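Please keep the sequence and the structure in view while reading.

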Amino acid sequence: MDTTPSTPRHESLDERQRVPSDADLDTLSRQLGRPVRDVVEIGARCVCGNPLVATTAPRLASGIPFPTTFYLTHPVITAAVSRLEAAGEMAAMTERLGRDEALAGAYRAAHEHYLAVRDAIGERTGVGAVPEIAGVSAGGMPTRVKCLHVLVGHSLAAGPGVNPLGDEALGKIAEWWTPERCHCAGAWDTAGEAPARDRSRHVKTQSGDPEAKKRERAAARAAADAERPARAAGGDS
Ligand SMILES: [Zn+2]
């Protein structure tokens with residue numbers, strides 16, 4: 001079968017596996033401890049089938065543009081990645097990007113992949129183009145590292161070989177989580193009701209990344225201002 005030009009080459013799950021079931025949405029809410037909203041697909045799954053990454057539409061139901069497409073949800077992975085961040089890994093990676101041309105080129109390609117996949121997701125979920133966030137990816141890409149959760153979420157959704165620093169971070173958390181084995185048992189509360197999905201106001205920004213929040217606010221302002229022509233939401237290039 002032919003693939004359309006807008007279909008990105010790298011996505012770890014096929015079309016059928018990406019469809020979120022009600023059980024998946026409940027699991028995501030339990031993993032995060034809050035209701036999820038605007039999740040359009042599952043970006044990556046554990047070998048047992050549980051979601052690892054929630055895929056959010058590039059425009060929320062509220063109309064707000066949302067640049068962070070892949071949101072890492074599995075508590076074992078998010079905690080392990082937080083340990084890397086606390087150990088100063090982001091500054092070290094950003095410093096390497098400044099002097100390693102091959103790494104910088106691969107990271108820029110990851111940024112382009114992120115944008116292409118997001119466009120494709122917007123297309124196939126009926127959201128369409130979101131000009132306010134054109135060229136704006138997430139996690140500090142393409143020149144910095146500001147949120148390892150974003151990069152790891154991207155690596156898990158894309159599969160290995162797309163985001164070099166996300167892949168590297170995954171390797172560094174192998175002590176706590178590895179892709180070939182299920183680490184779900186006891187990782188989140190499975191008793192009682194899942195947090196109700198319809199009570200949330202909007203999807204929380206991954207790891208509270210202040211730059212991502214800034215971009216979202218800028219994008220929201222851009223969206224609200226219908227008088228002006230659409231502009232890029234970032235001030236981050
Ligand atoms: Zn599992």
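Read from one end of the sequence to the other, the chain follows the pattern α-α-β-β-β-α-α-α-α-α-α, which amounts to eight helices and three strands. The model is a predicted one, and the points below describe that prediction.

**Overall layout**

- Of the 237 residues in the chain, 43% are buried.
- When contacts between residues at least 6 apart in sequence are considered, 66% of them join residues that are at least 24 apart.

**The sheet**

- The three strands form an open sheet in the order β1-β2-β3, with antiparallel pairing.
- Because β1 and β3 stand at the edges and each has a single partner strand, one side of each is left without a neighbour in the sheet.
- From one strand to the next, the twist averages 35°.
- Helix α6 packs on this sheet and touches β1, β2 and β3, while its direction makes about 110° with that of β3.

**Strand pairing and the hairpin**

- Strand β1, which covers residues 39-45, runs antiparallel to β2 and is joined to it by five bridges; within this pairing, Glu41 stands opposite Thr55 of β2.
- These two strands, β1 and β2, form a hairpin with five residues between them, and Gly49 in the turn has a positive phi of about 105°.
- On its pairing with β3 (residues 70-72), β2 is again antiparallel, here over three bridges, and Ala54 stands opposite Tyr71 of β3.
- Strand β2 itself, residues 51-56, is mostly covered, since six of its six residues have 20 or more other C-beta atoms within 10 Å and are therefore buried.

**The nonpolar core**

- The largest nonpolar core holds 49 residues, and those with the most contacts inside it are Val53, Val81, Leu148, Val152 and Ala169.
- Helix α6, residues 148-158, gives the most to this core, contributing seven residues.
- In soluble globular proteins, nonpolar side chains tend to be buried together.
- Leaving aside residues up to four places away in sequence, Val81 touches Leu72, Leu148, His149, Val152, Ala169 and Ile173.

**The α3 and α6 pair**

- Two packed helices are described by the angle between their axes and the distance between the axes.
- The axes of α3 (residues 75-86) and α6 come within 9 Å of each other and cross at roughly 130°.
- The crossing in which α3 passes α6 is right-handed.
- On the α3 side, Ile77, Thr78, Val81, Leu84 and Glu85 meet Leu148, His149 and Val152 on the α6 side.

**A glycine in a loop**

- Gly186 is found in the loop between α7 (164-172) and α8 (210-224).
- With 9 other C-beta atoms within 10 Å, Gly186 falls under the limit of 12 or fewer and is therefore exposed.
- The C-alpha atoms of Gly186 and Val76 are separated by 9.7 Å, although these residues are 110 residues apart along the chain.

Conventions
Residues numbered from 1 in each chain as written. Predicted model: local features only at pLDDT ≥ 70, side-chain atom pairs only at ≥ 80, totals over all residues. Helix = DSSP H or I, 4+ residues; strand = E, 2+ residues; numbered from the N terminus. Pairing = 2+ DSSP bridges. Core = buried A, V, L, I, M, F, W, Y, C linked by C-beta atoms within 7 Å. Contact = placed C-beta atoms within 7 Å. Axes fitted to C-alpha atoms, helices over the stretch in contact; angles between N-to-C directions. Left-handed = near helix turned anticlockwise from the far one by under 90°.
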